[in-house]
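Keep the picture open beside them while you read.

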Amino acid sequence: MKTIITAMLVLLAMGVTLATADINVSWSGMNGFLMNNDSDPILNPWPGQSALVQLIFTPNNWVEAAGPGGAVLGDEVVLDWKWVSDDQWGSVAPQIYTAAFQAGYIYARIFAGVDDSGGPSTGDITFNHWYYAGPLDATIDNTDPSNPDYYFMNRNSSGGGIGDPLDLRVIPEPTSMVLAALGGLVLLIRRRFAR
Amino acid sequence: MPFILVLTVCMVEGKLINWMGVKMKKVVLGIMVCVALAATWAVGQQVLSKNAVGYVKVDMEGGGTKPNLYLVAHPFESLTDANGLHLVSNVFAAVPNNTIVSVWDPIGQGYVQYGRDGRGTWLGAAATAKISRSQGAFVRIPSNATQREVFLMGEVPDKTTAPSQYMSRAEGLTMIGFPYPVATRLTNTVMAQALPNNTIISVWDSAAQTYVQYGKDGRGNWLGAAATAELQPGQGMVIRNTNAPNSWWETKPYSWP
């Protein structure tokens, strides 16, 4: 009985600890972003385009590639997202994100602009679409809402002026890759038997 | 100026009276009465400009299951202190017991806290601590406290006492408020121009108990909602920028007083 009570007390203490643990972060990208040529702004024309920006959680100390539509792959989870078009560089105004604490990492990424006439659509983010992923930061257990942690997307050096260049490209979604591989296999087999 | 004007009118009236055959003694008496009236008027004008007082009411209450935070900044001059400072225990006289007032030390980059104990006594340094006009302060109201009305009250900064106000920002975090008691668009302030690029301003949303943030981008433009944001009287804000400190003179945004 003593063991059970001790275990219950420990669990209760853990529950209290978990209940007060938070991710409490102000995230932004106020230098904006440049296309892969490190020169052109990512919204072109502007106005007329918006860029999808996402705050992502990952339990791993690495960044997965982005899928079509801005999909996350692997264990990653989109915590927060929005369309930005405040200026032609897709600068991301600061905002607070709070949620229950998870041990792991956060990072943010932004995709090249898509047409926003009639409202921007993630459907326009397709294979080979350019994007930028900010650095990974370990999550911090912060329960003080008056003192958030800060996450800045713009931390990579850029020789092309203010802002970071989009240097990554959207990869096909896994099902598409499997289908493409199967197609290639079929072609190889047909060629083999055609001889 | 009104004094001179009234005196002039009286002298003219005196001449007119003399022309009409009235004794000189009466004329002199008339002038003296006019001078007295003018002096009273002049003094009255002075008192009027000195006594423009105002207040901002802030409702504060506990959050039920957790304490609530309020971020305020006193926009008025002190009516009693020669240096224009406000006693913490006076400003927050209405807060419940076990309230903590946290004032930011921009040099040490940490809070200096003042507490009111469970019996209502301001503890230690809190009893004599003072805050200046436009200095920000977080007020932590205990979870179970019912609603209280806190009045930020004092003399309205006027054309004599504060036609402009010296403001400064530290490297890191600074907690201040707009130094005049009138709602002002952020981008219309001198501060908006003076703050370095990549500055984040955080104002506190008391209802949501979180910050609303405004950012000045790497090119010097205020982003998104910042362009139309209004700073409210008595509202505190946290300014974040890691550049070297800088300062500016905020100008009074109203003509009277």
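1. One term before we start: two strands pair if DSSP finds at least two bridges between them. Helices (H or I, at least four residues) and strands (E, at least two) are DSSP runs, numbered from the N terminus.

2. Some housekeeping. This is a predicted model, where local features need pLDDT of at least 70 and side-chain atom pairs count only at pLDDT 80 or more, while totals for chains, interfaces and linings use all residues. Residues are numbered from 1 along each chain as its sequence is written, and chains are lettered from A and ligands numbered from 1 in the order in which they are written.

3. Chain A has two helices and 12 strands.

4. How much of chain A is buried? The share is 30% of its 195 residues, where buried needs 20 or more other C-beta atoms within 10 Å of a residue's own, with C-beta atoms placed from the backbone.

5. Now for contacts, meaning two residues whose C-beta atoms, placed from the backbone, lie within 7 Å. Take the contacts in chain A between residues at least 6 apart in sequence: 78% of them join residues at least 24 apart.

6. Where the chains meet, 18 residues of chain A are in contact with 16 residues of chain B. On the chain A side, strand S1 (22-29) and strand S5 (92-100) are the elements giving two or more residues, and S5(A) gives the most, with five. That side of chain A divides into seven nonpolar, nine polar and two charged residues. Here Ala, Val, Leu, Ile, Met, Phe, Trp, Tyr, Cys and Pro count as nonpolar, Asp, Glu, Lys and Arg as charged, and the others, Gly among them, as polar.

7. Over in chain B, look for a hairpin: S4(B) and S5(B), with four residues between them. Gln109(B) sits in the turn and has a positive phi of about 55°. Six bridges join S4 (residues 100-105) to S5 (residues 110-115) of chain B, and the two run antiparallel. Ser102(B), for instance, has Gln113(B) in S5(B) as its bridge partner.

8. Chain B also holds an open sheet of four strands in the order S10-S15-S12-S13, with antiparallel pairing. Which strands stand at its edges? They are S10 (172-177) and S13 (210-215) of chain B, each with a single partner strand, so one side of each has no neighbour in the sheet.

9. Finally, S10(B) and S15 (residues 236-241) of chain B run antiparallel and are joined by six bridges. Find Leu173(B), and its bridge partner in S15(B) is Arg240(B).

Notes: A residue is buried if 20 or more other C-beta atoms lie within 10 Å of its own, exposed if 12 or fewer, and partly exposed in between; C-beta atoms are placed from the backbone.
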